[in-house]
Amino acid sequence: HQLISSAFDKYKSNEMVLAEQLISDTPNHSLTMFDRGFYSLGLLHQWQNAGKERHWMIPARKGLQFEVLESYSRVDKRVKLTTTPQARKKFPGLPDEVEARLVTKKIKGKECRILTSLTDVMRYPSDDIVDLYTH
């Protein structure tokens with residue numbers, strides 16, 4: 001883990017706005033792990049496409065709507081997420097749909113679902129993804 005940059009503002013400032021300020025400071029060939037509260041397809045898409053090999057990982061929220069595009073195993077899937085008109089207005093260039101990978105694993109009896117841009121199953125095994133996030 002390495003702290004690359006930070007953004008601060010008043011107490012009432014929106015954390016999503018602060019996160020957007022960090023996009024330009026994020027290095028290529030990196031992985032950023034987000035807390036569940038940072039779920040925004042606009043933010044995640046912009047984060048990933050602002051450089052080369054800039055990946056993200058975030059816990060999937062309950063009730064996440066998705067379409068399975070490919071199933072690698074019972075717990076590892078490539079999914080399609082539909083963006084909202086509001087998100088496309090706020091994030092110009094955001095497509096109607098975003099592809100990601102959804103990995104599920106039971107940890108101490110609790111189901112853990114991780115959504116990530118690490119879609120290459122050969123390069124990024126599903127167990128490694130969950131282990132990294134739970135670490």
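Analyst: Glu-53 sits in the loop between α2 (41-49) and β2. This is a predicted model. The phi angle of Glu-53 is near 55 degrees, a positive value in a residue other than glycine. Is Glu-53 buried, partly exposed or exposed? Glu-53 counts as partly exposed, because its relative accessibility is 30%. The cut-offs matter here: buried means under 20% relative accessible area, and exposed means over 50%.

Strand β2 covers residues 54-59. Its partner is strand β6, residues 110-116. The two strands run antiparallel, and 3 bridges join them.

Next comes Ser-117. Ser-117 lies in the loop between β6 and α4 (126-134). Ser-117 counts as buried because its relative accessible area is 4%. Which residues does Ser-117 touch, not counting those up to four places away in sequence? They are Gln-48, Arg-54, His-55 and Trp-56. With His-55 there is also a polar contact: the two side chains are joined at 3.0 Å.

Strand β5, residues 97-107, pairs with β6 in the antiparallel sense. There are 7 bridges in this pairing. Find Val-103, and you will see Ile-114 of β6 standing opposite. β5 and β6 form a hairpin, with 2 residues between them. Lys-108 is in the turn, and its phi is positive, at about 55 degrees.

A positive phi turns up again at His-29. His-29 is not a glycine, yet its phi is about 55 degrees. His-29 is found in the loop between α1 (15-21) and β1. His-29 counts as exposed because its relative accessibility is 57%.

Strand β1 spans residues 30-33, and Met-33 lies in it. Met-33 counts as partly exposed because its relative accessibility is 33%. Met-33 also belongs to a nonpolar surface patch. Leu-31 and Leu-132 are the other members, and the patch has an area of about 200 Å².

Turn now to the charged side chains. How many salt bridges does a search of the whole structure find? The count is 9.

Arg-101 forms a salt bridge with Asp-76, and the closest N and O atoms are 2.7 Å apart. Arg-101 lies in strand β5 and Asp-76 in strand β4 (residues 76-82), so this pair ties together parts that are 25 residues apart in sequence. Arg-101 and Asp-76 are both buried.

A further salt bridge has Lys-80 and Glu-97 as its partners, with an N to O distance of 3.4 Å. Lys-80 lies in strand β4 and Glu-97 in strand β5, so the parts tied together here are 17 residues apart in sequence. Is Lys-80 buried or exposed? Lys-80 is buried, because its relative accessible area is 17%. Glu-97 counts as partly exposed because its relative accessible area is 42%. Lys-80 and Glu-97 also belong to a network of salt bridges that takes in Glu-67.

One more salt bridge joins the side chains of Lys-90 and Glu-20, at 3.8 Å from N to O. This pair links distant parts of the chain: Lys-90 is in helix α3 (residues 85-90), Glu-20 is in helix α1, and they are 70 residues apart. Glu-20 counts as partly exposed because its relative accessibility is 28%.

Finish at Thr-83. Thr-83 is in the loop between β4 and α3. Thr-83 is buried because its relative accessible area is 6%. What does Thr-83 contact, leaving aside neighbours within four places in sequence? The list is Leu-41, Arg-88, Leu-94, Pro-95, Asp-96, Glu-97 and Val-98. Leu-41 is 42 residues from Thr-83 along the chain, and the C-alpha atoms of the two are separated by 6.7 Å. With Pro-95, the atoms to look for are these: the backbone oxygen of Pro-95 lies 2.7 Å from a polar atom of the Thr-83 side chain.

Technical notes: Residues are numbered from 1 along each chain as its sequence is written. This is a predicted model: local features need pLDDT of at least 70, side-chain atom pairs count only at pLDDT 80 or more; totals for chains, interfaces and linings use all residues. Side-chain values use heavy atoms; hydrogens and water are left out. Two strands pair if DSSP finds at least two bridges between them. Helices (H or I, at least four residues) and strands (E, at least two) are DSSP runs, numbered from the N terminus. Patches are made of residues with over 30% relative accessible area and no salt bridge: like charges are joined within 9 Å, nonpolar side chains (Val, Leu, Ile, Met, Phe, Trp, Tyr) within 5 Å. Accessible areas come from the Shrake-Rupley method with a 1.4 Å probe; for residues, only the protein chains shown count as cover. A salt bridge is a side-chain nitrogen of Lys or Arg within 4 Å of a carboxyl oxygen of Asp or Glu. Buried means under 20% relative accessible area, exposed over 50%, partly exposed in between (1.4 Å probe, protein chains only). A polar contact is a pair of N or O atoms within 3.5 Å; within protein, one must be able to donate a hydrogen and the other to accept it, and residues adjacent in sequence count only if both atoms are side-chain atoms. Contact means heavy atoms within 4.5 Å.
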